[in-house]
Amino acid sequence: MIKIRRSWFDLMHEEFEKPYFKKLQDFLAVEYANRTIYPSEDKIFNALNHLPFDKVKVVVIGQDPYHEPGQAQGISFSVPEGVEIPPSLVNIMQEIESDLGIKCAKSGDLTRWLDQGVMLLNSVLTVRRGQANSHKNQGWETFTGEVIKKLAKRTEPLVFLLWGANAQSFAPIIESQHLVLKAPHPSPLSAYRGFFGCKHFSKCNEFLIAHGQTPIDWK
């Protein structure tokens, strides 16, 4: 179950021994044995496995994985190459294009952002097929909250993009050296309430440049 790169294991190993995580593992063992769960077990920690702790420059917090076949890959908002781009990601790309005056790639695989230091982490890392939020309040929020706490305590300035109430609930633990940008969720249900026009992508890059970091190529 726990297939996680060394830099993150060294930071998080104490969590794996705590009662809440043992209970979560027991729950997941039953779920994977009896239901269709996304993503596959080997992809649960994809976001962490792809990006070492010390390479993170930007943090985007999602809610839980996509819950239809072929979509979830352990990276928030991202879908594998060739899969139809989901509505929230369509809206994210629309805002990028409007904000930066660029044309986004036609792929929904956001591994290209991870490669540049953008951590794309859901607060809940598994889900039942067809049932959004079905693994909510089973322990994942405690674990990912600890990941975010550790990132928030880094002395190097990071950018946190907090879209929607779920992501914004982490704001109180983020220390003042970091840039925190808040907006409604990019879902079609809420994007028009302020996600469109938030200009988070240009603001993020301006902050990174001001602190001696390479900006993100958001295409």
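Start with the largest pocket, which holds about 500 Å³ of space. Select D64, P65, Y66, S88 and H185, the closest to its centre among 23 lining residues. By class, the lining has 9 nonpolar, 13 polar and 1 charged residues. Here a pocket is an open set of points on a 1 Å grid over the protein atoms alone, where a 1.4 Å probe fits, with protein on both sides within 12 Å along at least five of seven lines; lining residues have an atom within 4 Å of a point.

A quick note on what you're viewing: this is a predicted model, where local features need pLDDT of at least 70 and side-chain atom pairs pLDDT 80 or more, while totals for chains, interfaces and linings use all residues. Residues are numbered from 1 along each chain as its sequence is written, and side-chain values use heavy atoms, leaving out hydrogens and water.

Next, select C198 and C204. How many disulfides are there (sulfur pairs within 2.5 Å)? The count is 0. The sulfur of C198 has its closest cysteine sulfur in C204, but at 11 Å that is too far for a bond. C198 is buried (under 20% relative accessible area; exposed is over 50%, partly exposed in between, with a 1.4 Å probe and protein chains only), at 8%. C204 is buried too, at 0%.

Last stop: T36, in the loop between α2 (19–34) and β1 (37–38), where helices (H or I, at least four residues) and strands (E, at least two) are DSSP runs numbered from the N terminus. T36 is partly exposed at 42%. Beyond its neighbours within four places in sequence, T36 touches V127, R128 and R129 (contact means heavy atoms within 4.5 Å).

Note on methods
Points joined across faces, edges and corners; volume = space filled by probe spheres on them. Nonpolar A, V, L, I, M, F, W, Y, C, P; charged D, E, K, R; others polar. Disulfide = S-S within 2.5 Å.
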